[in-house]
Amino acid sequence: MPSQPLATTAVVLDRTSSGDSWLRLACFSREHGNLACLQRISARSAGRVTPVDLFDELQLELETRNQGRTWFVRDAVAITRRPALGRSWDALSFACRFARVLSHNDVPDDSRDPVHALLARALTSWETGVRPDSVYFKTLYLFTRDEGYAVRESWWRRLPDSDREAVDAVLRETPSAQTTSREDTARLIAALESFVRHDTDLRMEE
């Protein structure tokens, strides 16, 4: 079967070694959604391959021989890099936590543009290192809502009054102005993740 080319921009959601010669990349593209990619990193390609890091936004030249189940990276050029994310373990952890949610779920065509914008805003906030927990809660809440689930009408309404007020505060306030404690935010995150896991069709790691 002849190879099929694809040119796109995408954000790296995950990167793992696949043997000694390849990197396995999970990427999210505004135009094409989730893409499973392999990039050769053999000694022969040293110096000719753009080093790829988590949450880089790349201009990619890809090709596939199996109808898009796996894409091979022919060329990658970094458009945006986010080195500041690595300076805060909490920020990096929460960013990876949401990236796993996104990479495990197929985003419909008409949702990809807003999801890409949501991801970009979240990554920019996580780069500051300020209240990454509240950024994660807000991002997961908005992602779940925008994917069509009744997070407000179902989950939020079942919460005690004090928790409903805390949810609204986290959603309304900027990370630097959060009035909800880290302990309360952690409890709300656990409750929201439980709703996503058990009351929606979205996939989440246990």
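Which residue in β3 is the bridge partner of R24? In this predicted model, where local features need pLDDT of at least 70, side-chain atom pairs count only at pLDDT 80 or more, and totals for chains, interfaces and linings use all residues, that partner is L38. Residues are numbered from 1 along each chain as its sequence is written, and side-chain values use heavy atoms, with hydrogens and water left out.

The pair R24 and L38 belongs to a set of eight bridges by which strand β2 (residues 22-29) is joined to strand β3 (residues 33-40) in an antiparallel manner. Helices (H or I, at least four residues) and strands (E, at least two) are taken as DSSP runs numbered from the N terminus, and two strands are counted as paired if DSSP finds at least two bridges between them. A hairpin is formed by β2 and β3, with three residues between them, and S29 stands opposite G33 in β3. On the other strand pairing of β2, eight bridges connect β1 and β2 in the antiparallel sense; the bridge partner of A10 in β2 is S29, and that of R15 is L25. The hairpin of β1 and β2 also has three residues between the strands, and in it G19 takes a positive phi near 75 degrees.

Taken as a whole, five strands close into a barrel in the order β1-β2-β3-β5-β4, with mixed pairing. The twist from one strand to the next averages 50 degrees, where axes are lines fitted to C-alpha atoms, for helices over the stretch in contact, and angles run from 0 to 180 degrees between N-to-C directions. Helix α1 (residues 89-103) packs on the sheet and touches β1 (4-18), β2 and β3, its direction making about 130 degrees with that of β1; contact here means heavy atoms within 4.5 Å.

Helix α4 (residues 151-158) and helix α5 (residues 161-172) pack with their axes 9 Å apart and at an angle of about 130 degrees. The two helices α4 and α5 are therefore oblique to each other, given that angles under 35 degrees count as roughly parallel, over 145 as roughly antiparallel, 65 to 115 as roughly perpendicular and the rest as oblique. In this contact, R152, W155, W156 and R157 of α4 meet R164, V167, D168 and L171 of α5. By class, the contact of α4 with α5 has four nonpolar, no polar and four charged residues, with Ala, Val, Leu, Ile, Met, Phe, Trp, Tyr, Cys and Pro counted as nonpolar, Asp, Glu, Lys and Arg as charged, and the others, Gly among them, as polar.

A cavity is a set of points, on a 1 Å grid over the protein atoms alone, where a 1.4 Å probe fits but cannot get out, and its lining residues have an atom within 4 Å of a point. One cavity of 30 Å³ or more was counted, and about 40 Å³ of space lies in the largest cavity, volume being the space filled by probe spheres set on the points, which are joined across faces, edges and corners. The largest cavity is lined by S111, P114, V115, L118, L142, F143, D146 and E147, which divide into five nonpolar, one polar and two charged residues. Helices α2 (112-128) and α3 (132-146) each supply at least two residues of this lining.

Terms used
1 Å grid on protein atoms, 1.4 Å probe; cavity = no way out; pocket = protein on both sides within 12 Å on 5 of 7 lines; lining within 4 Å.
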